[in-house]
Structures are given as structure tokens and as C-alpha cells.
Amino acid sequence: MTVHTPNYYDRFRCLAGECPHTCCQGWEVPIDRETARYYETIPGELGERLRALLTTDEEGDTAFLLRGDTCPFLTDEKLCELQIRLGEEGIGEICRSHPRFSYDFGPLTERGLCGSCPETARLILGTDMVLLTTRDEKAGEGSPALLSPLLAARETALELLETPEATLGQRFQATLLFANEVQVALDEGREEDIPQLCQIYGEEFPLLDPAALPDRREALMRCLGALEGLEILSDTWRALLARGKQELARGQAFSILEETQIRRAGRYFLYRHWLRGVWDGDVLTWAEFAALGAAVCVLLSPLQDEGFPEAFRLFCLELEHDQENLNALQDRLREDLSLAEMLAVAGLL
Ligand code: SF4
């Protein structure tokens, strides 16, 4: 089995009590079956409290009853009481793995850090990502048909975002144009053409006439409308989206202050999501997601005190931890927001 991890992966250390946010707040804390069974064996006051706080949610999954919107085992010092008293095995699988992700593609596993935590956001935006390849003993399953062509295509997409002689906006646009051609090949069952597309885009950088595209601000406004239509976790995000729309309507200058961080954010989105196309044959919406995410974070950066990293963290928190939100946004990108609009949005960068 081959395993990919970004070079910053092992540098993550939870900020625990020093964290300006906490991931133990604002959403359900699911408890896997094995951990729930372990909680049945805990004696004394802690065991009784654990069992009293376990509940079954609407989907039939086991989770803790929250205190307000907070995990009941988060201490006043913002530490995990269960980890302190029971060690690693005292916390559920989700809490042990967060904020990491791991996706299996048959003989390949890809791991990474989610951008939704302040420390992971710092690592993702502060590091030029290099993918490290290791092999482990586990036998992988058979290789999905699209794995090899889409891995090669993702490599090309990631490289297009690095093209030094192009502006940032042109790089995101080139990634979208490339993803569109890969998508057409996938839709027409011509996967064998993808290596040739990689070669063409590796040699020639495509440039667009901006005059041929729709109004960039209107396109971004429609993206914000799509985000507002999703399930929203925090009032902060809702308020930021509303302010973003106001600023766009006022014609506020769109300033690119953190070019390196924006590029790294784009590469993070592509790394994390592009290969999902192995399972559903869709890569274009993930390239669009990367451009949309980068543009929205740039717009929202000056609207709160912590700049681009916090806008990026909030975007990841709201979108990437909610599969229903991801699905709904993909649907909007497929059915409602055109490629021309997304090229226009990328042109803002
Ligand atoms: S958000 Fe990140 S740094 Fe903060 S408590 Fe959670 S994992 Fe730790």
C-alpha cells in the first residue's frame, strides 16, 4: 500500500489550552462503537457521567449530549477531561484523528491535515507542500480505473498553480481550463487521452481574454449566495458572508496581499479533493471549489482581524467537515454556476 502525506503532516501539535478556538465546540461529538463499549466498563463517578451523557442522534449514531454547543468534557482550561483522566484510549476515534483526514483509493491512501484548525491552517499556509510517499505492509485493494490518470492529472493541476511567469489569477484559470478538458475526456469515456492533456498543459500555458468573461464581481456574488444557501455552523461565518456581499456591492478594491498563502490554499484544496473524482468521475467541480475557496477567502480576509488564515480556517470548517454541504456546493457548481463564471472569479485573484 502506498501512502501520501504532505511534508507538514507530522509537524502538527494540538495547541490544547493555548488554542484561540477549540474544535470541541459548535458540532456534535460522535462516539464510535468501540469507545462507547469501553465507556460501559468505566467505574465510578466518571463512568456514570459518561453513560448519562451518551445519546443517540437522529441518524442513530452515538454522540455526547452537548453542554450548550460545547463538549461536556471540555474543561474551563479548554482541555479534554477524558484525555487527562483516561489517556488516548479514553477519547473517540473522531477526536483522536481530528484534525487529520485519510482517504483510501484502493492501493493508495492519502493523508493530510484539515484546514479548519488554527494550527493546521498555519502549517498549510506556511509551507510549500511536498507530498511524501511511503509504503506500508497492508495489502491494498485493486486499483480503481481512474486512479492512475487522475493522479497524473492532479500533478499537472498542482504544477499549473506554480507557474512563475503567470499571475495568480491566470494560474487558477489555467487549472480550471485543464480540469474542464479532463472532465470532457472523463464524460466521453476517453480516459486514455488524459496523459496527452497533461503533456499539452505541461508545455503550453493557456491564457484567456478577460473581456470574454462575465462580470467578475457578479460571479463572486453568486458564489457567496451559493455559500449562504448551505448549512451554516457559526454566526461568525454568516455575518462574514453578509459583509462580503456588502463590500462587493460597494465595489471595494479586491486586494491580493497574501499571494503565497492563496497559492498554497489552492494547492491544499486540489490535493484534498481532486482524487475524489476516482469514485464519482468529477474533477471540474473540485478545481472550481479551489478557485471559489481562494477567492472567497481573499474577499473575507480584511473583514476580520486575523486576515487570510482565519478566513481560510472558517471556509474549511464550514465546508469540508460537512459532506452534505460539499455535495450541495458541487451540485450548484455543476448546475447553476457556469465555468465562465468560475473563470471570472479566478480572474479576481
Ligand atoms: S482547533 Fe486545532 S489546535 Fe485547537 S484544540 Fe482543536 S485540534 Fe487543537
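Biologist: How far apart do the C-alpha centres of domain 1 and domain 2 lie?
Modeller: The C-alpha centres of domain 1 and domain 2 are 36 Å apart, with domain 1 covering 24–97 and domain 2 covering 147–346, bounds that come from an automatic or database domain assignment. This is a predicted model, in which local features need pLDDT of at least 70 and side-chain atom pairs count only at pLDDT 80 or more, while totals for chains, interfaces and linings use all residues. Residues are numbered from 1 along each chain as its sequence is written, and side-chain values use heavy atoms, leaving out hydrogens and water.
Biologist: What is the volume of the largest cavity?
Modeller: The largest cavity holds about 30 Å³, a cavity being a set of points on a 1 Å grid over the protein atoms alone where a 1.4 Å probe fits but cannot get out, and the volume being the space filled by probe spheres set on points joined across faces, edges and corners.
Biologist: And which residues line it?
Modeller: Tyr-8, Ile-124, Thr-127, Met-129, Arg-264, Arg-267 and Tyr-268 line the largest cavity, where lining means having an atom within 4 Å of a point.
Biologist: Switching over, how big is the second largest pocket?
Modeller: The second largest pocket has a volume of about 260 Å³, a pocket being an open set with protein on both sides within 12 Å along at least five of seven lines.
Biologist: Which lining residues are closest to its centre?
Modeller: Of the 17 residues lining the second largest pocket, Ser-255, Val-298, Leu-299, Ser-301 and Pro-302 are the closest to its centre.
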